[in-house]
Structure formats: C-alpha cells, structure tokens
Amino acid sequence: MSVLDDIVAGVRVDLDRRQQATPVADLRAALADVDPPRDPMPAFRAPGASVIAEVKRRSPSKGDLADIPDPAELARRYAAGGAAAISVLTEERRFGGSLDDLRAVRAAVDVPLLRKDFMVEPYQLLEARAAGADLALLIVAALDDDTLRRLHDEARGLGLTVLVEVHDEAETERAVALGAELVGVNARNLRTLDVDPDALARLAPLVPDDRVLVAESGITGPDDVATYVGLGARVVLVGEALVRDGDPEGAVRTMTGVTA
C-alpha cells in the first residue's frame, strides 16, 4: 500500500464517522448561514506572485512542523502579510488538522480559504462550504476519472474554486482534459513522498496559458518563488517555511509580488 493509499483509507474511516454524526441535510441547511464564496482568481491572475499561505502542523514526510495553538492568529498574520488565500489542512491523522481549524480561520479573516484535504466524496465538499471554505483541493492521484469529474462538478456547483493537483504527465493531461482552471503541480509524489524539484519545469508546458499554475512543495523563500514564477507559476502554496518562520507575516510579504 502506498503512502497515499494509507492516507485515503484513514480519511474514509474518519469521514464515515462524521457522516454518521452529521446528516447531509444538516450540512445543506448550514449553507444558508455561510457568506457567498470568495473568488480568488482575480488575485491569482494579477501580475506578480500570489501566495497561498498554509496552516500546517505536521506532514507524513517531515513529522511535526509547528505547534499552532491558535490557527486564527496565524491566519491573521498571513493575511496582514498579503496572502492571496489561506490553506487550512483539515486531515486529522497525518497532518493534525480539523474542520474546527477551518471554522476558526474563517471567523478571523476575510481572504479566500482553501480546504486542503483528501477529497473522495461529495460530502466533504459540503463540509468545506458549510465551514466557510472558498476553494477545495482535488488530488488527481487519489481519484479515478469518473470520481474526479463528479467531484469537480459538485464543487463548482457549490461555488467552490477547485485546485486540481498533479505530479506527473498523465495526471496533468487528466487535469487539463477536465477543464481545471487552477492546476497545482506538487513536487512531492504522495505515493512515495519523494520530491522532484524539476516537476514544474517538466509539466508547465502541458498546461494551456489560459489556466493558472500553482507551484506546491519545496518553497523556502523568495528565490524559490522567483524560480517558479519564471517557469510559469502565478501562485505558490507555502506551508512548512511559513509555519517554521518566527515572522510569518514578514515571510509572506517577502514572497508576494515577486516577478520573473
């Protein structure tokens, strides 16, 4: 079993527990109390680099990254630094996140929020929107074509912007065929946790110019941002470097506005 398979198996167990506790009808009713989804695409398409700053406690590859007792305060500092969006990891077992983190961040900031998790069922998209998310992540490696398209269509129907994540040529072709507007190239292979620093350079030419490329993983500072922008990325998603920095607001600020 690959690392990704193991993560998804745990996600399904936790999802089943939540589904038993909260019926779909309750989630749909909760949507009436949520603000309309915020559109991140104008900022993502603007000149310079846009930063998606991530609330991330740990990862399968690095273990514990940071103690984040107050995700809302961290999000406020990201927003003050100019983050175009904030990603909140909600997977429990490997990343130490929760939907409560997402709700807390939503109450604290007005920038678009990404629910970053391993989405395998439409129920999770309803959860995301009910908790105030504006974007949702779909990982091509975790989904067959039918499920990928169904979740993509469901997410768009809820008003969510979809970040479609790829890490090789075949997955990139699937994302493009899907019509994904926002394509994230993850340098880390979630099946093995190996990192390919050349992934974006290799895959960017496969993505049409009218789509928006997001660079994920391995970004430590403005020099990396400049490299990825030079390869065609308009957005960078940064987690580890920010949660480990003593000045997350300043760290975000140094990465925004970087041009090729």
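How much space lies in the second largest pocket? About 190 Å³. Before we look around it, some ground rules. This is a predicted model, where local features need pLDDT of at least 70, side-chain atom pairs count only at pLDDT 80 or more, and totals for chains, interfaces and linings use all residues. Residues are numbered from 1 along each chain as its sequence is written, and side-chain values use heavy atoms, with hydrogens and water left out.

Now, what is a pocket here? Rolling a probe the size of a water molecule over the atoms shows where empty space is left. On a 1 Å grid over the protein atoms alone, with a 1.4 Å probe, a pocket is an open set of points with protein on both sides within 12 Å along at least five of seven lines, and its lining residues have an atom within 4 Å of a point. Its volume is the space filled by probe spheres set on the points, which are joined across faces, edges and corners.

Back to the second largest pocket: its lining includes Arg18, Asp26, Arg103 and Tyr123. Two or more lining residues come from each of α1 (3–21), α2 (24–30), α5 (99–108) and α6 (122–130). These labels are DSSP runs numbered from the N terminus: helices are H or I with at least four residues, strands are E with at least two.

The largest pocket holds about 460 Å³ of space. Of the 29 residues lining it, Glu54, Lys56, Lys116, Arg188 and Ser217 lie nearest the centre.

You'll find it in the loop between β9 (212–216) and α10 (222–230), with a positive phi of about 80 degrees even though it is not a glycine. Ser217 counts as partly exposed because its relative accessibility is 21%; buried means under 20%, exposed over 50% and partly exposed in between, with a 1.4 Å probe and protein chains only.

Strands pair if DSSP finds at least two bridges between them. β1 runs parallel to β10, joined by four bridges, and Ile52 stands opposite Leu237 there. Four bridges also join β1 to β4 (85–89), again parallel, where Ile52 faces Ala85.
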